[in-house]
Each structure stands twice: as C-alpha cells, then as structure tokens.
Amino acid sequence: MFSFCSSGTLANSIRKPENKYENGFSVIDYDYNEGTLTSTFYKGEYPKKEFILNTSIGNNGVWETKIPVGEEVEKIIFEQNLIKQINCEALPQINSHLLTYSTDTNAPKNIDEIFVMPNLVFKEEFDAEKTDKLVDDLAQIINCDKNYIFFGTKESGKTILLDKILIETINTNKTHHQIPAIIDFRDLKDNVLKLIREYWNKSTEEASKILSEYKVILLIDNISFEDEDEYKLKTLKNFLDENSNIRFVATYQQLYDEDFPMNLELLSLFDFVNITLKQFKTRQIKELIQKWFPNSDKYETPRKLETLTNAFLALNLPRTPFAVSMFLWIIEKQENFKPINNSTLIENFIERLLKKHDIRESLREKFGYDNKIWILSFIASQMLDRDEVNYSIPFAEFVSIVDKYLKDKKFEDFKTDKIVETLLDSGIFLRENGDVRFRFTCFFEFFLMKRMEKDAKFKEYVIDKKNFLQFVNEIDYYSGINRGETDLMKLVIERLDEGFEDLQELISNTQRERKYDNYDGFFISKNERGEEKPSLASQLNEEKVVDFLPSNKPTEEDLEVLEDDKLELQQQEKGISKKEKGNKIKDLSKLLVLALKVVKNSEEVHDEKNPNFKLDNYSKVIDKSILFAIIHKAIFEIFLENEEKLSKEKLEEFRQMNQFLPLLHELFLFDNIGTQKLTSVIRDKINLDKNKDKNISDFEKSLSVFLYADIRGKDYDKIISEFIKGVKTKYIEDIIFFKLITYYFYRSKDDETDNFYLNLIADLMIKSKGYHKSKKSAIMQSYKKKKIERLNQENVKVIK
C-alpha cells in the first residue's frame, strides 16, 4: 500500500533546496501471518531525481507495529493458509487429468488455459416454446447453497468439471469462504472423514474442527445409486447430516443419455439439483479449437469449423471434450485424417502417443510401436487380474511385470528401466502415490482389446457368457477395428436373443391379454372413453403452422443453435471404471447397446449361407430395442403412479420423458447404430416392413424410416412422404411432426426444399385432421400469397 503527500506540495518543493517541506511517500506492508504492520518512509533528495530512505523517521526509516489479532482474524488466516495449501497440492494433479498433459501437442497443458465451459442443463424441456435452463457460469454453482449432481456419459468431462470447480472455489474463496475437498465415491468404505482429512493432509482432530467451524464444499466424483452401494450412500448421508456446514457437488456416470438411476429409495436419500452434461455444441467446439490453436487462424474459418463438426456427424463420433480433443490432436499432426469410429480414433491417438510414425521407431534395434502394443496389452491384462482400485499396481510391481515380459520374450538386451521410463513418459499411464495406472478408462479398455487380438485364451475369457457384459467397450472396440468378425456378430446377436427371452415372453403375454394388435398398443394414450388421444399435429391450425415456420426460419446467427441440435443426435473421468455386474435392467441395456454397436461396426461381415445376414441382425436389434422401450415405458408409469414420492421437478421430468419416449428412443438408436454404412440394410428393412402383414407396428416402421432419414439415405424424402400416407396411430404423427420441423430448420437451404418440407408438414396435418386432400392446395396457395406479401414489404423497407 502506498501513501503519498499532496501533489501540490510535491510540485512546490521538488525543485527548491530549502527544507521547509520534504516530499516523499511511505510503503505500508501488512503481514497477516506474522501479525505485523510495517511502514517504510522515503523522501525526495534534491537535486537528484530520486527518492531515498528517510532515516529521520522511525527506526532508520522503518516503523513497525503489531496488528491486534482476534479470533475472527485467526480463522481467516487459517482458512487462507489451507486454501493456499490445497491450491499448491491440487493444481499439478489436476493438470495431469488433461488429455494434452505430457503429449507432444502444442495445445495448452494448463486447465485454466484449455478449459471450455460445458453444456450444463438444469432441466431438459420438450416444449418447443421453451429452452433448456442452462448454467451460464460456475459461480452459479459455487455461490449457491444447494447440492448438485452432474449426470453425464463416459468422457463427457465430469472429472475435469469438478477440477475446474475446485480451482474456481479456491480463487474466489474470499467472496464465499468455502473450503473445497474432493473425493472419489468408489474409494469410500465407511469413513468419509478419512478421505477428506487425507485430501487436506490434516489429522482427524484438525479435519473435524474445520468441518465444524468452516463452510465446506465436498466434490464427489463417480457417485453411484446401485443396490450394492446402499451402505456407502447411507454412510455419506449420515456424515452430511452430522456436518451441517457441508454441501456437495457430485458426478454420476450414465451408460447413455437419459440413463438415470432407477432406485428411488436410494436417490431420495439426498436433496439435490439434477444437472446434465450435454455433449459439446458448435460454440464449445469452436472455443476449444481457438484455445487449442491460440496463435493460428488455420482452423477458425466457418468452413473449416463446419468440416470438423461434419466429421463428427458423418462418423457418429461422440462430441465429448475427450473425443474432440483427441480429434484436434490428431488433425494437428495429420490434417487429412478422418477416423471411422471410436476405436479407430483411439487407435490413432495411441499411435501418436507411441510415435508409430516416427522413422526411428521402424529401426530393428529399437523397441518399436508393435513391441509397445504387445507389452501394454500384457500389462493391461495383468492389471485386470489384480483387480485393484483403478486397476492400478505398485510401481515396483509394474517394473517387475515389464522385467518378466522382457525375459519371457528374450528381450534381455533391452534395459528394463529404460523400457519402464519410455512407457511412463508416453502419456498413456499415470503415476499416483507410488502406484501406476492407465490415464483413462478408454486406454485401459483399448489395450485389453489388443490383448484379445493377441491372446486367444483372453479373448475367450472376455466373450464368455459370464463375463462379456463387463467388457462391452472392449468388444465394441474390437468389432470397430476388426470389422469383418462374422462369428462375433452371430455370438452377440445370439446372446441378445437369450438375454431378452424372458422380457419377450412377458411382453408377448401382456400383448395378448390386452388384445393389442402390435407394439403400438403399449404407447397409445387413450381417453376415458378408450379412444386414442389426438396427436399434437391434429390440434394445431394448419394454415398458421405453414405460415409460422417460414416467418421464423433461423437466421445465419441462429444456424449455430440449429447445428447444435443436429449434433445432439449423435461420452473425462477420474480413475478407471470398475468392471462390475449390474442389475437385470442394467444388463439388458448393456446387452442392447453392445448389439447395436457391433451391428454398426461390422460393415465387412458376410455369411455365405445367409445373404440377408446383416438385415436379419439389424431387424433383431430393432425389435429388441422396442422391448427395451416398452419396459422403460412401464417403469416411467410406475414412477408416475407414485408421484407423491417424487419432487415436483422430477415428476415433470418423468412425465415428459414418458410422453416423448418414442422420439427419445429413435434418437438413442441413431446414437448407437446410425451410420451411412447401413443405408442399404435400413432401406431393405423399410421395404420389408411395407410388405409385411398389417400387424407390424407404426413404431417399428418409424424407427427405420427416421434412422434412414437421419443418415440422409438415398431418396429419404420420398420414403418419409410414403410413410406419412400409411401411418395409422396418432402418437407416431407427433414423431413425424417433430422430425419434419427439425429437418425443415436444419436441412432446408432454398425455396425448393422449403416447399418440399412444408408440403410434407401440410400432408401430415391434413391427414391427422381427416381433411380432404384439396384442403392442402388452399393452405399452400395461402402460404405462397403471404410469402409474396412479406417479400414485397421487405423490398419497400429496403427502398426507403
């Protein structure tokens, strides 16, 4: 702190020799830790143009006094010291979670420089007139007194988000005075305090005192609500009840979007706000590109940004921070690379980490890329066998495994310590507290997949009926790299049939009892007279809709939002996900997702005995997916029947998910099986559905029609038009309505396509209302007339 004399006095005396005034200033220093205030005095020395120590004041120009320190000040000092300690200890560990950390990318390796605010949605709205309520700033979370749980799929940035909240909490501590602590729910046994005090590096007594005297924000990674977690959840609940100064912010890993915990009893233990981590939108991708290449305009043009986002669309890659970062890292090194699926993306990233394309790696005397793949896959299998937390092993054991491998392979000429150093420096592993583990779950899973390729016995173990659902990602990666594994597809489809056998029988019996003609009966909503409720499309004014849509066509500035919605139709973490068995519903979902992904990946499969092999398997996964949708419909209805046990927000959420389940299911299918490599197969299924007997449901037909349209199959517009003419159910009319509006906004670029989609929308509305087709002509003529009027008005404004 500076203290100056008056500027007028300074100006009056600085050029005069008399000592009537001394021009100067004092520097005041507060040392809260030592409890002292020190003032150092300086004066101007004439005629020199400088200031010197004024020794005539105080003790040779220095005056010092003790600051009175009260209890409140002591608390603040302790708090600030703890905050500084946490900051010093946490930041290096946090930065190691970044994908860019210890790689040869030019991108920033500091979380503050590379972090992009994700899409955090408080509540998903399906009302077209409403928008999602978003978290605009992390301060909304930090400065609030509520509890939060972030729900996100694998690699959606959950752990990095907690890391960033930790940093922001530290940086803004003086405004809210919360002390952060971060724990992993998977490490919790029966003592929450133990994990917190270890994080703070405090004794039990010190930690207990902090919890009782200070506000604490507890960041919990990987919370789970499975039955086997009941004891841990109740332990956490009791701890929070006993420590009223604590609130929590947690993360929950979803298997897929909209996969929320179904154990209401365990869920109701905690009062929290539900926030969903959505995949990156165009804005986030653009921001990450700019941060990745801070001094280059190479990737900033709209056209190049569109090329990047289109790659994620066409290849159906997840737009997670992890996947986008991997993609940017790859194109940074190899601009023209275009991955085929998740497994090839990871494979190319591993190739970069292990320097496959480095000319030195091809030299015979080097322990090259292929050697590294072999030893890493062996290490992964050894870590799996040991089954420790994060599948980590002590460093000494890591060295021992490498040494044994080299001896078994007769690689004695390679020094164990050098190979260990090479592997640990590659960016594939993390070394924490004396243990070594894979940095990311996907790396661990990738090398287990590689072990499947190199060890037939291990492959048999993975695909064994008792184990395979614990290795869904490994099998997905395997089928993505080995895209002609016909026997693997047969095995997965056979398991799918077996796994859904009981559910198939239950639904078939229910269908007969209720006298449903087909699956549509499970989704049709009826009024008190037993009649199907009218569709939303049939309740709208057709002329106003056809006129409203063009007048509200998005501008160029709005296209980013529209592109975001299209991209939405297309999974970071702390530690390695544990391979555990789930409940019946969880296992069915894993089985279905696995089957969908294997069918999607297996583009080169062929069966000499069955020319319709792909079509048959596609038809089976679609059929089983409908059974899965039906059981979810039943679960939602059970929730809604027990609405008194639900909060108002969750009740509304379940109602909307129940109402829009068919549409959500189509989006789920697109996310897991949508690929242009299946256009021919899906088209064959559409034609097959048209030629089947009348008992095939509109729901089943619609899934293939709109999957085909989503991937822009040949003549998809004609297929939609024909489908509209034959649809029999009202609830499917609403799916068609929402899909057509989406296509109109996203895909229509000129008057011709405008008119095409408006015609389809008019067709649907005329059909839903039972009007004669002549009505449509009048609607379209009215629209064209109003369009001309609008254009004329706009021209007049321009002239004026």
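Does C144 count as buried or exposed, and at what relative accessibility?

1. **Cysteines.** C144 counts as buried, because its relative accessibility is 19% (buried is under 20% relative accessible area, exposed over 50%, partly exposed in between, with a 1.4 Å probe and protein chains only). C442 is buried too, with a relative accessible area of 0%. The structure holds zero disulfides (a disulfide is a pair of cysteine sulfur atoms within 2.5 Å).

2. **Basis of the values.** This is a predicted model, in which local features need pLDDT of at least 70, side-chain atom pairs count only at pLDDT 80 or more, and totals for chains, interfaces and linings use all residues. Residues are numbered from 1 along each chain as its sequence is written, and side-chain values use heavy atoms, with hydrogens and water left out.

3. **α14 with α20.** Helix α14 (residues 342-353) packs on helix α20 (residues 472-481) at about 85°, with the axes 8 Å apart. That makes α14 roughly perpendicular to α20 (65 to 115 degrees; under 35 is roughly parallel, over 145 roughly antiparallel, the rest oblique). Axes are lines fitted to C-alpha atoms, for helices over the stretch in contact, and angles run from 0 to 180 degrees between N-to-C directions. Helices (H or I, at least four residues) and strands (E, at least two) are DSSP runs, numbered from the N terminus.

4. **Residues of that contact.** From α14 come N342, S343, T344, I346 and E347; from α20 come Y477, G480 and I481. Contact means heavy atoms within 4.5 Å. The residues divide into three nonpolar, four polar and one charged. Ala, Val, Leu, Ile, Met, Phe, Trp, Tyr, Cys and Pro count as nonpolar, Asp, Glu, Lys and Arg as charged, and the others, Gly among them, as polar.

5. **α16 with α17.** Helix α16 (residues 395-408) and helix α17 (residues 416-424) pack at about 115°, axes 9 Å apart. Their crossing is right-handed (the near helix is turned clockwise from the far one by less than a right angle; anticlockwise is left-handed). F395, F398, V399, V402, D403 and L406 of α16 meet T416, I419, V420, L423 and L424 of α17. By class, this contact has nine nonpolar, one polar and one charged residues.

6. **The loop between them.** K410 is found in the loop between α16 and α17. Its phi is positive, about 60°, although K410 is not a glycine. K410 is exposed, with a relative accessible area of 63%.

7. N390 has phi near 65°, a positive value in a residue other than glycine. N390 sits in the loop between α15 (369-386) and β13 (393-394). N390 is buried, at 17% relative accessible area.

8. **α25 with α26.** The axes of helix α25 (residues 584-601) and helix α26 (residues 613-641) come within 10 Å and cross at roughly 150°. The two helices are therefore roughly antiparallel. The crossing is left-handed. Among the contact residues are L588, L592 and L596 of α25 and V621, F628 and I631 of α26. The contact has 10 nonpolar, four polar and one charged residues.

9. **K586.** Which residues does K586 touch, not counting those up to four places away in sequence? They are E226, Y252 and D259. K586 lies in helix α25 and counts as buried at 18% relative accessibility.

10. **L758.** L758 lies in helix α33 (residues 751-769). L758 counts as buried at 0% relative accessibility. L758 and L740 are 18 residues apart in sequence and 8.6 Å apart in space, C-alpha to C-alpha.
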